[in-house]
Amino acid sequence: MRAPLSLLPLKLEGVIFEARGHRIIKGISTTFKHGLRTIVLGPNGAGKSVLLRLCHGLLEPTAGAITWNSPEVPGGPRKQAMVFQRPVLLRRSALDNVHYALKVGGLPARERHDRAYEALCKVGLEAQADRPARVLSGGEQQRLALARVWALRPEILFLDEPTASLDPGATHEIERVILALHQAGTKIVMVTHNLGQARRLADEIMFLYQGRLLERQPADQFLKNPASSEAARFLEGELPW
Amino acid sequence: MNTFGQSVLRAFELIVHADAELVRTVALSLFVSGSACLWASGFGLAAGAGLAVARFQGLPAVLLLVNTLLALPSVVVGLVVYLLLSRSGPLGSWGILFTPTAMVIAQTILVFPVVAALSRQLVADALREGSDPLRSMGARPFIAALLMLLHARWAVVTVLLTAFGRAIAEVGAVMIVGGNIDGVTRVMTTTIALETSKGDLPLALALGLVLLAIVLAVNAGAYVVKETAQHRYG
């Protein structure tokens, strides 16, 4: 049997995105490969969330091309996933939420239960499996969203400020799960507003400014010695976050 | 004693004595309006979910039409259904004019826009936040819309209670297509209209109070179910 073709690398070529006559992404070309944890930084309104949504396919670029090495088969199992700032959970038990994600994600019925339970264990929610998802705490809800993702074992995971509304303890838990997912072989692309988090998680950093990709560098280098003056100002907190 | 006092007393008597004829009338009212709501919720929720995610050119016009139909006069619905079902009408061969079935059809048409318009708004609002995550998981737009209905199920209950309220309180449509035949198509509202025109105002008002009491019981039942379930399942 041949191994299934890899989704990655993901290639962006001259991607432009406009909404209501306003150009939000002004021509970005870059490539995402397996491996490194990529953190996307940039001041407010730089287009970080829009870039993630374009990559994930929730938005269509106005111009330019976004191409996967081997695109997902429509109706087949999902190989890419996204976690949002606020998780949207269904009014069912935690386990059923994961179960349902696997169902719409195109996984065969017989594999769903075991995978769902395993994913809950990975994020440390096995004791909450039968509790209604909507009564979980904020941090637990976000971990449940990550369990949904984990169960699908995606090749690439986009995260849009997953810890923005969480306290430090819950944030730490989420970061632990993200690192574990990465260890298990998932490419991580994450937007954050938290420089400390970027330091803890980033292998490389993409810096967006006014819809353009100004820098893409190894994390150490970017944080110590950014190439652009905008990035330097951003790191010193002079640009609006 | 004034008319109001008499009516309240009369309503109390009617309920306590559970007069057989009254019970029959109440049962028919509940059957007709309940069935109409069931049909209308089936079609209306699907239509609402569909309209919430639909993208086509004439969409604003359709939405305007559905919202306008919220104010559909029940007499007009009755008249249209009457013309369709009357012997010389296109559906005259069905022979169902002046039967409870005709009344169910008329009320279904009457409350369908209520369910469709309110549920569309509900789903559209819920999708504003939930659409991206659900699409990200792989749910197609219509499935995502149905999920949002399930998600907002308690608001949906309120929509259905609104539809039920409109159905059970209307008199124009059931009067025209039912004909207010004693023991066959007489419901609460047509009885009230009849007693009013006969001049027995205290009885008419008392029947009105009984009707309200029934709707109150239905709402209270829905409330208890909702509270219990919400408490348990979040």
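1. Met206 of chain A stands opposite Arg216(A) in β9(A). Strands here are DSSP runs of E with at least two residues, and helices are runs of H or I with at least four residues, both numbered from the N terminus. The model is predicted: local features need pLDDT of at least 70, side-chain atom pairs count only at pLDDT 80 or more, and totals for chains, interfaces and linings use all residues. Residues are numbered from 1 along each chain as its sequence is written, with chains lettered from A and ligands numbered from 1 in the order in which they are written.

2. β8(A), residues 204–209, pairs with β9(A) in the antiparallel sense over 6 bridges; pairing requires that DSSP finds at least two bridges between the strands. In the hairpin of these strands, 2 residues lie between them, and Gln210(A) has a positive phi near 50 degrees.

3. β8(A) also pairs with β3(A), residues 37–41, in the parallel sense over 4 bridges. Here Leu41(A) stands opposite Phe207(A).

4. Because 5 of its 6 residues are buried, β8(A) is largely enclosed by the rest of the structure. Buried means that 20 or more other C-beta atoms, placed from the backbone, lie within 10 Å of the residue's own.

5. The open sheet of chain A has 6 strands in the order β5-β6-β7-β3-β8-β9, with mixed pairing. β5 (80–83) and β9 (212–218) of chain A are at the edges with a single partner strand each, so one side of each has no neighbour in the sheet.

Key. A residue is buried if 20 or more other C-beta atoms lie within 10 Å of its own, exposed if 12 or fewer, and partly exposed in between; C-beta atoms are placed from the backbone.
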